[in-house]
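Reader: I would like a close look at one part of this model, the nonpolar core, and then at the pieces around it. Please keep the account plain and connected.

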Amino acid sequence: MSLQIFRTKRVEAEQESDYGLKRCLSKWDLSFLGIGAIIGTGIFVLTGIAAATQSGPAVVLSFVIAGFACTFAALSYAELAAAVGGCGSAYGYSYAAFGELIAWIIGWDLLLEYGISVAAVANGWAGYFNNALTAIGLTLPESLTKAPKLGGLINLPAFMIILVLMILLIIGVKQSAKANNAMVFVKLITIVVFISVAVFNVNPDNWHPFMPFGWFETLPDGKTTGVLAGASIVFFAYVGFDAVSTAAEEARNPQRDLPFGIVSSLAFCTIVYILVAGLLTGVVPYTDLNVSSPVAHALELIGVNWASALISTGVIAGLTTVMLVLYYGLTRIIFAMSRDGLLSPFFCTVNPATQTPVRVIVICGVIMALIAGFMPLGDLAELVNIGTLAAFVIVCFGVIVMRITQPDMKRPFRTPFSPLFPVLGMISCSALMAFLPALTWLRFFVWLVLGLIIYFSYSKYHSKIGRLA
């Protein structure tokens with residue numbers, strides 16, 4: 001009986017897995033989904049904060065280290081996305097490799113990652129939106145821009161933007177992808193503007209000292225500093241490439257296009273991050289970057305106000321695409337878990353008119369809007385990171401396991417130098433988890449315990465493959 005929790009799910013052929021979702025996304029749509037999710041909070045917010053408080057100018061090294069960890073994980077994702085498919089991302093891969101219990105844990109973990117990410121980014125978006133309104137003389141009352149804990153009534157812009165994205169996702173995934181592509185184009189223009197201006201205003205003296213916080217140190221209050229601690233925080237900047245794999249059942253040619261979308265978006269964004277981080281700390285002293293809009297703030301400090309205003313516009317577009325793609329990924333993971341019987345079948349109904357899971361989209365949207373509107377989400381980036389890193393470790397291990405247990409499975413894309421790269425992915429992602437504060441680990445375990453209670457009281461007995469056994 002106990003072995004039932006490790007029952008694995010059969011890998012279906014692509015033609016068998018038609019559940020009413022519309023196959024309409026090209027490989028470039030998938031790449032832009034990845035770029036839309038990756039370039040956002042990390043480049044526009046966390047770069048400055050990590051430089052000022054944890055890494056100094058060596059934040060460039062933090063991005064390199066986090067980027068390497070993600071590259072190994074991305075190659076593993078690409079292999080499993082092409083071979084296993086399905087819209088459940090790491091949840092689906094774990095189901096095929098390790099069995100039901102591990103799949104549930106990863107799926108439950110991903111719900112936390114995506115849901116809290118959307119709400120947290122909505123808070124950042126609201127800050128820039130409020131600044132833009134103030135600049136044109138339309139200041140909102142302070143009570144409508146802050147959560148109750150911060151002395152307000154509701155963060156109304158954060159609440160409303162999620163509801164707007166909810167409507168967009170209901171209309172259809174192709175329409176959402178078109179909107180995402182347009183906003184990605186806008187934010188790429190703003191990044192080009194920043195690089196073009198900053199490259200002529202670099203003062204090499206700002207790069208000294210290069211590593212003021214060293215490699216790693218735990219402070220008396222439990223906080224961590226140094227390049228490695230910075231890497232575990234700026235890792236949040238890379239959260240999103242895995243969202244590409246949730247689009248497997250809406251990709252035109254998933255076996256070819258998913259690996260392309262995952263690897264190309266991550267490679268492009270890593271280069272952009274390193275360039276921007278290097279220029280940002282070269283333009284102004286790193287100590288001046290502990291603000292909510294470090295890129296725009298740096299341009300203001302050197303007197304280029306027109307570029308600062310343009311950057312702020314790009315930030316609003318950039319954070320919107322991050323929310324859109326992560327919101328999309330969240331709904332597809334819940335859809336997959338419901339279809340497998342681990343969550344109520346209520347969540348896996350596809351609307352025949354829009355060919356989207358409207359129920360899931362609405363429920364997730366309302367819950368995330370309430371969280372964004374009424375909760376300040378100060379340090380939840382760390383909570384998102386630990387959940388994501390855990391999923392990445394499992395995916396890397398899944399490649400190794402499935403190479404052994406299913407050696408003859410068709411693999412349109414194969415992780416190079418396996419098992420070396422998957423093992424390096426497991427080690428690097430586990431190390432980044434170790435550099436996170438103890439309080440983050442405690443919150444993570446509380447969430448996992450809650451998930452295990454749900455699994456053993458409901459999911460285990462309603463599992464579809466359990467009923468077929």
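**The core and its surroundings**

Author: Not counting residues up to four places away in sequence, Phe241 contacts Ile38, Cys70, Ala73, Ala74, Tyr77, Ile262, Ser265, Leu266 and Phe392. The model is a predicted one. Phe241 is among the residues with the most contacts inside the largest nonpolar core, a set of 151 residues. Ile39, Phe44, Tyr77, Ile162, Phe194 and Tyr327 are named with Phe241 in that group, and Tyr77 is also one of the contacts of Phe241. The element that gives the most to this core is helix 11, residues 305-339, with 18 residues. As a general point, nonpolar side chains in soluble globular proteins tend to be buried together.

Ile38, a contact of Phe241, belongs to helix 1 and is buried there. Helix 1 covers residues 27-38, and its 12 residues reach 17 Å from the first C-alpha to the last, close to the 16 Å expected at 1.5 Å a residue. The helix is mostly covered, with 9 of its 12 residues buried. Besides Ile38, the buried residues of helix 1 are Asp29, Leu30, Ser31, Leu33, Gly34, Ile35, Gly36 and Ala37.

Helix 3, residues 59-83, holds Ala66. The relative accessibility of Ala66 is 0%, so Ala66 counts as buried. Beyond its neighbours within four places in sequence, Ala66 is in contact with Ala231, Val234, Phe235, Tyr238 and Leu432. Between Ala66 and Tyr93, 27 residues apart along the chain, the C-alpha separation is 23 Å.

Gln54 is a residue of helix 2, which runs over residues 41-55. With a relative accessibility of 9%, Gln54 also counts as buried, because the cut-off is under 20%. Apart from residues up to four places away, Gln54 is reported to touch Phe213, Thr224, Thr225, Gly226, Val227, Ala229, Gly230 and Ile233, as well as Ile49.

Helix 11 returns here through its packing against helix 10, residues 294-301: the angle is about 170° and the axes are 8 Å apart. Angles over 145 degrees count as roughly antiparallel, and helix 10 and helix 11 are therefore placed in that class. Helix 10 makes the contact with Val295, Ala296, Leu299 and Glu300, and helix 11 with Asn305, Ala307, Ser308, Ile311 and Ser312. By class, this contact has 5 nonpolar, 3 polar and 1 charged residues.

The loops hold some backbone details. The peptide bond from His208 to Pro209 is cis, with omega near -5°, and Pro209 lies in the loop between helix 7 (173-198) and strand 1 (217-218). A cis bond also joins Ser418 to Pro419, with omega near 10°; Pro419 is in the loop between helix 13 (380-405) and helix 14 (420-434). That loop between helix 13 and helix 14 also contains Phe417. Phe417 is not a glycine, yet its phi is positive, near 55°. At 60% relative accessibility, Phe417 counts as exposed.

Finally, Ile465 sits in helix 16, residues 464-468. Its relative accessible area is 22%, so Ile465 is partly exposed. Ile465 and Glu100 are 365 residues apart in sequence, and their C-alpha atoms are 9.2 Å apart in space.

Technical notes. Residues numbered from 1 in each chain as written. Predicted model: local features only at pLDDT ≥ 70, side-chain atom pairs only at ≥ 80, totals over all residues. Heavy atoms only, no water. Core = buried A, V, L, I, M, F, W, Y, C linked by side-chain atoms within 4.5 Å. Buried < 20%, exposed > 50% of the residue type's maximum accessible area, 1.4 Å probe, protein only. Helix = DSSP H or I, 4+ residues; strand = E, 2+ residues; numbered from the N terminus. Contact = heavy atoms within 4.5 Å. Expected span 1.5 Å × (residues − 1). Axes fitted to C-alpha atoms, helices over the stretch in contact; angles between N-to-C directions. Parallel < 35°, antiparallel > 145°, perpendicular 65-115°, else oblique. Nonpolar A, V, L, I, M, F, W, Y, C, P; charged D, E, K, R; others polar.
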